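Work through the exercises below with the structure open. Each task is followed by a stepwise solution.

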Amino acid sequence: MAKAETSDVTSDDPSGHGWTSRIHGATTVVSLQGDWLVGETYVDRGVSRLLHEYGSLDRVGFDTERLGHWDTTLLVFLSQLRRASAHYNIDFDETGLPSTARRLLDLLPLRELSAAPAIRSISIAQDVGVQVIGIWAEIVAVTTLVGEATLATASALRGHTRMRRIDLLTCMQEAGLEALPIVSIVNVLVGAILAFVGSIELRRFGADVYIANLVAIAVLREMAALMTAIVMSGRTGGAYAAQIATMQGSEEIDALRSFGIPLLDYLILPRVLALISMMPILYLYGSAIGIVGGFAVAVAMLKISPSIFMAQAAGAVTLAELLFGLAKSVAFGALIAIAGCRVGLRAGRSAADVGRAATTAVVVGIVGVIALDAVFAVCANTLDF
Amino acid sequence: MNRAAVKLQVERLSVGYGERIVQHNVSFTVAAGSIFAIMGGSGCGKSTLLQALIGLLRPSAGSVCFGGEDYWSATEARRTEIGRRFGVLFQSGALWSSMTAAQNVALPLEMFTKLDAPTIDALVQVKLSLVGLDVGRDSMPASLSGGMLKRVGLARALSLEPDMLFLDEPSAGLDPVSAKRLDDLILDLCHGFGVTVVLVSHDLESLLNICDDGIFLDGNTNTAIAHGSPKALRAHCDNPFVHAFMNREQPGAEGSPHGS
């Protein structure tokens with residue numbers, strides 16, 4: 001064959017790996033050389049340029065004598081070349097390729113896969129509508145859950161329940177005993193801070209001794225219930241949401257549903273009952289330990305006599321205040337548990353959804369507790385209590 | 001990259017969790033470019049042994065050598081380096097749930113190569129085509145079927161062009177056609193790319209079709225009770241349980257480790 005009839009095109013890879021092509025009449029033979037490995041040879045995207053320049057071709061063949069090791073990089077090159085050949089109606093003759101490469105090439109599609117259809121864009125009005133419907137559906141779902149949980153709690157108190165006792169006890173242990181350390185730390189510090197802050201103002205009037213009244217009333221009426229609820233929201237509400245969301249991901253919830261085991265009895269009731277029963281106890285404990293915090297500061301740093309502090313504190317609080325705090329703690333407990341369970345149940349199935357559910361449960365719990373506390377405060381104020 | 005040098009040698013390996021030994025005194029060699037099967041009944045410790053091979057579980061005794069280099073006595077940095085030449089397909093696919101199928105395959109390439117985005121995309125598309133995933137490439141794992149998760153998992157295992165592929169129950173949960181296709185693909189990859197494959201399976205058909213060599217683990221004696229290719233073990237094995245397993249028969253009452 002005369003030299004004039006042939007011409008060369010080479011890939012511009014400086015390393016010497018890659019391809020050269022040689023035209024013989026209407027056929028081009030692409031010789032592949034060197035190693036074609038990811039990171040060592042770049043994937044050449046000049047394939048269509050090569051074919052375009054030789055518009056009169058009707059066949060492309062291969063010479064692989066100098067081909068070394070290869071991996072997917074070679075397949076990418078061949079598949080692009082094959083697609084370009086189909087586009088220009090050039091015969092793609094793969095007989096010169098290694099048989100294993102031919103078999104793998106057979107697995108690849110001849111045409112570029114069509115891109116997934118774009119998500120239909122929706123207008124702002126539609127978007128708002130969808131959001132509103134979603135919010136309404138959520139309100140209905142939460143109301144239903146609260147109603148069902150109330151009914152189930154009532155029948156559980158009468159002894160009619162399918163709830164497993166061991167689940168309830170485990171939840172009570174987690175929400176009660178195991179929460180004591182953190183509830184102690186938070187409440188003792190809050191009591192001490194109240195004593196410190198109060199002393200600064202009261203001392204100006206020579207009313208140091210009323211620190212006892214301040215600490216006792218503030219702790220019993222507001223701080224113990226509120227701080228305990230915030231701690232429990234972060235600790236237990238988040239845990240409930242994460243547990244239930246994980247069960248969602250591992251199909252445990254689906255398994256419960258397929259057996260017809262009511263989620264309310266199996267999952268929600270033990271958690272709600274555990275928090276409702278443990279929160280008042282934690283509140284009482286938190287109140288006591290908060291007053292101890294204030295007592296310690298008053299006696300040790302502000303030099304108030306212990307007996308006077310005790311007498312002042314005992315005189316300042318009434319049973320009604322204690323009951324008010326207890327009622328709040330029960331309501332907070334129910335709110336935290338139901339928020340945690342609901343958020344967990346509506347979570348998706350991925351790992352990210354579990355994290356999101358835990359965060360949402362904690363945020364909803366804390367904001368809900370503070371909002372509910374405000375409602376209690378307004379009611380108490382209206383009733384002149 | 002010298003692929004011929006890469007092979008796996010396991011010597012007197014014991015694996016377990018804390019005090020509990022799951023398998024002990026297991027030894028075998030995997031020739032480069034071959035497909036090696038870890039066989040055995042359910043719960044006998046196949047996957048635990050695999051974990052020790054891929055660096056997820058430190059064995060309590062024995063050694064695992066890749067290309068003559070002891071894996072577990074190497075430094076952590078070196079172990080990571082060796083491990084980068086592995087591709088692992090986990091039983092459930094174990095896709096990263098916050099990424100699409102294509103992103104799952106692309107991530108190792110983005111992390112460990114300097115390739116540009118179009119090249120990575122081209123490689124990812126080819127790998128997903130190789131494993132037969134034609135739809136759902138931009139779907140999140142939560143919306144893919146079990147078989148699709150497996151395929152994406154395999155494509156991800158192939159992303160860094162590994163020298164060794166470890167497959168944990170590759171065909172479990174696949175329909176016969178997909179399972180056959182996967183078997184063919186494993187053979188093609190092994191012969192085409194020169195990949196050495198270690199697979200854990202109790203799918204008899206694929207074991208017989210593709211494996212060159214293997215080991216049979218027993219859950220009662222907690223060690224290997226037979227060595228050889230699945231075909232050879234099927235044709236002849238002195239151990240009645242292995243014989244029954246490979247021929248899908250009820251084990252005979254006498255002498256069988258799992259006999260009544």
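Two strands count as paired if DSSP finds at least two bridges between them. The model is predicted.

**Exercise 1. Which residue stands opposite Leu217(B), and in which sense do its strand and S10(B) pair?**

Step 1. Locate the strands. Strand S9 of chain B covers residues 213-218, and strand S10 of chain B covers residues 223-227.
Step 2. Take the pairing. S9(B) and S10(B) run antiparallel, with four bridges.
Step 3. Find the partner. Ala224(B) in S10(B) stands opposite Leu217(B).

**Exercise 2. Give the strand order of the open four-stranded sheet in chain B, and find its edges.**

Step 1. Read the order. The sheet runs S2-S1-S4-S5 in chain B, with antiparallel pairing.
Step 2. Find the edges. Strand S2 (20-30) and strand S5 (69-70) of chain B each have a single partner strand, so one side of each has no neighbour in the sheet.
Step 3. Check a pair. Strand S1 (residues 8-17) and strand S4 (residues 61-66) of chain B are antiparallel over five bridges.
Step 4. Glu11(B) is opposite Ser63(B) in S4(B).

**Exercise 3. Describe how H2(A) and H3(A) cross, and list the residues in contact.**

Step 1. Two packed helices are described by the angle and the distance between their axes.
Step 2. Apply them. The axes of H2(A) and H3(A) come within 10 Å and cross at roughly 65 degrees.
Step 3. The crossing of H2(A) and H3(A) is right-handed.
Step 4. List the contact. H2(A) gives Leu74(A), Leu75(A), Leu78(A) and Ser79(A). H3(A) gives Ala101(A), Leu104(A) and Leu105(A).
Step 5. Sort by class. This contact has six nonpolar residues, one polar and no charged ones.

**Exercise 4. How many residues of chain A are in contact with chain B, and which elements of chain A give two or more of them?**

Step 1. Count. 25 residues of chain A are in contact with 22 residues of chain B.
Step 2. Assign elements. Helix H2 (72-87), helix H3 (99-106) and helix H12 (351-382) of chain A each give two or more residues to this side.
Step 3. Sort by class. The chain A side has 15 nonpolar, seven polar and three charged residues.

**Exercise 5. Where do the domains of chain A lie, and what separates their centres?**

Step 1. Domain 1 of chain A is 3-106, and domain 2 is 127-382.
Step 2. Take the separation. Over C-alpha atoms, the centres of domain 1 and domain 2 of chain A are 70 Å apart.

Terms used: Residues are numbered from 1 along each chain as its sequence is written. Chains are lettered from A and ligands numbered from 1 in the order in which they are written. This is a predicted model: local features need pLDDT of at least 70, side-chain atom pairs count only at pLDDT 80 or more; totals for chains, interfaces and linings use all residues. Two residues are in contact if their C-beta atoms, placed from the backbone, lie within 7 Å. Ala, Val, Leu, Ile, Met, Phe, Trp, Tyr, Cys and Pro count as nonpolar, Asp, Glu, Lys and Arg as charged, and the others, Gly among them, as polar. Axes are lines fitted to C-alpha atoms, for helices over the stretch in contact, and angles run from 0 to 180 degrees between N-to-C directions. A crossing is left-handed if the near helix is turned anticlockwise from the far one by less than a right angle, and right-handed if clockwise. Domain bounds come from an automatic or database domain assignment.
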